[in-house]
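Me: Please take a close look at the side-chain pairing in the structure below. Walk me through it in one go, with the cut-offs spelled out.

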Amino acid sequence: MTSTMTPPTGEFEQYSSDVYAWAYRLLGRHHDALDVVQDVYIKWARQCAEVTPRRPRGWLRRVTLNRVIDLCRSSEAGTTLKSANQTDEVVDRSAPEGVPDAMDQAQLRADVAKALGALTDPQRGVLVAKVYDEMTFAQIATEMDVSVSTVKTHYVRAVAAVREKLRHRWGEGDKP
Amino acid sequence: MICTDFEPLLADALGGELTAADEPKFYAHIAACASCRTAYQEGSSAVSVLRSLPGPQRVARDTDTVIGSADATKTGRPRAANALLRYAASVLVAFAAGYALSGARTPSPQDRTTAQRPSQKGLADGGSFRIALARVHQRNPSRSDLAKGMITLFGARR
């Protein structure tokens, strides 16, 4: 009785840190990422009111990335993100040496978001799952309910497309 | 344009899953095929650039708060009202903590003889009530701070 009346908050909480991490990588700001978590949670609750996704993590990854890309497009169009003028209070201690400074990092995020926005949903999901979630092709295939060869094809094509979008960065001393 | 048969090997190489058995075939092909070699080199650079975006440091604690406020938002309370309630609760908690601590630190002589739990006498007598509140907090710190704050305020007024 209660399962249809209350959304499965517990199940979402299991993945909330993943949702936050996906959003944060592309937005780079704590509160913007939290806003995305909140938006995705509301979508999750609405979806679960009808039917709970069979593969929750994959569903959440797709919805999160779509939301982030929408925000980045709005930001580019002139509607600034809420905390765009504030300094980011989370220190990027995980940034390795040689990572560009804050300004360039913001531009890099915008470039990456644009590049991801040009991909199809499956390509985007596979790329993020592989690069950021460090899943194996077999795990991704299970999550997406497709064959391993299909996942590999998506991955290669996604990398090729992103490669083209980020090509202008090769001229900055990163030439292969 | 990469060679179709080479695509799975390229995926494995770019994804860090190239097996020892496949390595000779892979390196032999990129040595011989310029376009596949370029695809591999530039693909590796693209993946490195993607990985250079740093991940978050703090995560779970705030996402729980966000989920809670999203639940409240779904019940009709707007986010601004939630923020106001949280602020009000924090002010009440601060007052309650102040009352409880001042009561705990400086008990009056009659406090030692009055009843342990809050009663009508305790409500009129702010000292024993504050001590009782402090003891409740010590016994069970997880009780709602807001409730304690409300008890303190309404109790003080009677």
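Reply: A:Asp18 is partly exposed, at 21% relative accessible area (buried is under 20%, exposed over 50%, partly exposed in between, using a 1.4 Å probe and protein chains only). This is a predicted model, where local features need pLDDT of at least 70 and side-chain atom pairs count only at 80 or more, while totals for chains, interfaces and linings use all residues. Residues count from 1 along each chain as its sequence is written, chains are lettered from A and ligands numbered from 1 in written order, and side-chain values use heavy atoms, without hydrogens or water.

The side chain of A:Asp18 forms a salt bridge with that of A:Arg57, at 3.0 Å from N to O (the rule: a Lys or Arg side-chain nitrogen within 4 Å of an Asp or Glu carboxyl oxygen). A:Asp18 sits in helix H2 (residues 9-27) of chain A and A:Arg57 in helix H4 (residues 56-77) of chain A, so this pair ties together parts 39 residues apart in sequence. Helices here are DSSP runs (H or I) of at least four residues, and strands (E) of at least two, numbered from the N terminus.

Over all chains, the count comes to 15 salt bridges. Another one joins A:Asp121 and A:Arg124, at 2.9 Å. These two are three residues apart in helix H6 of chain A, so about one helical turn separates them. A:Asp121 is partly exposed at 34%, whereas A:Arg124 is buried at 5%.

Then there's A:Arg163 with A:Glu164, a salt bridge of 3.7 Å. Here A:Arg163 is buried at 14%, and A:Glu164 is partly exposed at 43%. Back to A:Asp18: through shared partners, salt bridges link A:Asp18, A:Arg57, A:Arg61, A:Asp133 and A:Glu143 into one network.

Now for the helix packing. H6 (residues 121-131) and H8 (residues 148-165) of chain A have axes that come within 8 Å and cross at roughly 90° (axes are lines fitted to C-alpha atoms over the stretch in contact, with angles from 0 to 180 degrees between N-to-C directions). H6(A) and H8(A) are therefore roughly perpendicular (65 to 115 degrees; under 35 is roughly parallel, over 145 roughly antiparallel, the rest oblique). Residues making the contact (heavy atoms within 4.5 Å) include A:Val126 and A:Leu127 of H6(A) and A:Tyr155 and A:Val159 of H8(A).
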